[in-house]
Amino acid sequence: MTVNQPFLYYRLPRHAEAGVISLQLADHVEIPEAENMVSLCREAANLINEKVCKRPLVVLGNCVDGVMARAIAEHLSDPPLLVLVDAWAPRAAEELTSFQVQTRRWARRLKRWYQHGRMKARGHLSWVEFFAKFRPLAVVLKASGKIEAVSEDILREERNNVRLHATFQLIELPAYRGEAILFRTSAQQRDAGSRMFGWKGKLSSDTPIFELDGWHEDALRGDAISGLTDVLNARLRRLRS
């Protein structure tokens with residue numbers, strides 16, 4: 001089951017040895033406050049319990065949707081295998097100094113610029129697409145009609161993403177009862193693995209962490225998704241045996 005990840009819903013069936021269900025917030029839904037978000041996650045879990053029954057279940061989410069997947073998994077009758085991609089635990093940044101936060105922010109920008117350059121060198125981006133990755137140049141390209149303005153749907157999705165992040169910072173998640181797998185894409189700093197994405201004490205200390213080639217959600221859209229599904233298929237075979 002994927003949480004708020006339509007592109008995963010469409011791509012996973014090509015590789016996964018299991019049926020795939022998508023759990024998606026409706027486009028018109030306003031992100032609720034923390035207390036109501038807990039209720040929403042509980043309702044989602046009740047719906048899953050009715051549909052899935054006793055079959056082996058994997059609940060997967062990327063970034064903040066991974067945090068939502070974790071919150072939903074808390075209320076499922078049987079703890080599913082939880083798969084989190086680039087999903088930092090709420091308030092994980094609180095253990096960092098302000099200097100470390102700023103350093104990480106600039107390091108992430110440099111990594112992103114390097115990633116865009118690598119994609120251009122490999123022929124995956126045209127010059128227009130490459131320049132559009134940089135905000136000041138994107139403004140010029142939009143004004144000149146070289147690229148289209150961002151649609152209202154995408155803007156709404158970005159606003160919802162920001163609200164989801166803010167909402168889950170206020171929700172305390174207990175230690176997880178079940179098993180989990182973490183995935184780290186090229187967008188993350190090296191210490192994401194050693195820090196377990198901030199989930200230390202919340203997930204088992206032997207939780208495996210796998211690497212995915214690609215930048216954040218792009219790693220789940222291209223051929224790199226096979227790196228994810230290879231791990232999932234192996235674990236599903238074990239669950240069924």
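## The chain as a whole

The structure is a predicted model, and its chain contains nine helices and six strands. Along the principal axes, the C-alpha atoms of the chain fill a box of roughly 55 × 40 × 40 Å. A compact globule with 241 residues would have a radius of gyration near 18 Å, and the value for the chain, 19 Å, agrees with this.

Of the 241 residues in the chain, 41% count as buried, a term that stands for a relative accessible area under 20%. The accessible surface of the chain comes to about 13700 Å², and 54% of this surface belongs to carbon and sulfur atoms. When contacts with a separation of 6 or more are considered, 69% of them are accounted for by residues 24 or more positions apart.

## The enclosed helix H3

Helix H3 covers residues 64-73, and because 10 of its 10 residues are buried, this helix is largely enclosed by the rest of the structure. Among the buried residues are Val64, Val67, Met68 and Ile72, but the charged residues Asp65 and Arg70 are also on the list. The cover over the buried residues of H3 includes strand S1 (2-3), strand S2 (22-23) and helix H2 (34-52), together with S3, S4 and helix H7 (152-168).

Cys63 is found in the loop between S3 and H3, and its phi is positive, at about 60 degrees, although Cys63 is not a glycine. With a relative accessible area of 18%, Cys63 counts as buried, because the limit for that class is under 20%.

A positive phi also occurs at Asp86, where the value is near 50 degrees in a residue other than glycine. Asp86 lies in the loop between S4 and helix H4 (98-121), and this residue is buried, with a relative accessible area of 2%.

Asp78 has its place in the loop between helix H3 and strand S4 (81-85). Its relative accessible area is 40%, so Asp78 is classed as partly exposed, the class between 20% and 50%. Although Asp78 and Arg177 are 99 residues apart in sequence, their C-alpha atoms are 9.3 Å apart in space.

## Asn233 in helix H9

Asn233 lies in helix H9, a helix that spans residues 225-240. This residue is buried, with a relative accessible area of 5%. Leaving aside residues up to four places away in sequence, Asn233 touches His15, Ala16 and Glu17.

## The second largest pocket

How many residues line the second largest pocket? Its lining is made up of 16 residues, and those nearest its centre are Met1, Ala18, Gly19, Pro56 and Val58. About 370 Å³ of space lies in this pocket.

Strand S3 (58-62) and helix H9 each supply at least two residues of the lining, and the largest share, three residues, comes from H9. Sorted by class, the lining of the second largest pocket has 13 nonpolar residues, one polar residue and two charged residues.

Conventions:
Residues numbered from 1 in each chain as written. Predicted model: local features only at pLDDT ≥ 70, side-chain atom pairs only at ≥ 80, totals over all residues. Heavy atoms only, no water. 1 Å grid on protein atoms, 1.4 Å probe; cavity = no way out; pocket = protein on both sides within 12 Å on 5 of 7 lines; lining within 4 Å. Points joined across faces, edges and corners; volume = space filled by probe spheres on them. Helix = DSSP H or I, 4+ residues; strand = E, 2+ residues; numbered from the N terminus. Buried < 20%, exposed > 50% of the residue type's maximum accessible area, 1.4 Å probe, protein only. Rg over C-alpha atoms; globule rule 2.2 N^0.38 Å. Contact = heavy atoms within 4.5 Å. Areas by Shrake-Rupley, 256 points an atom, 1.4 Å probe, with all protein chains shown as cover.
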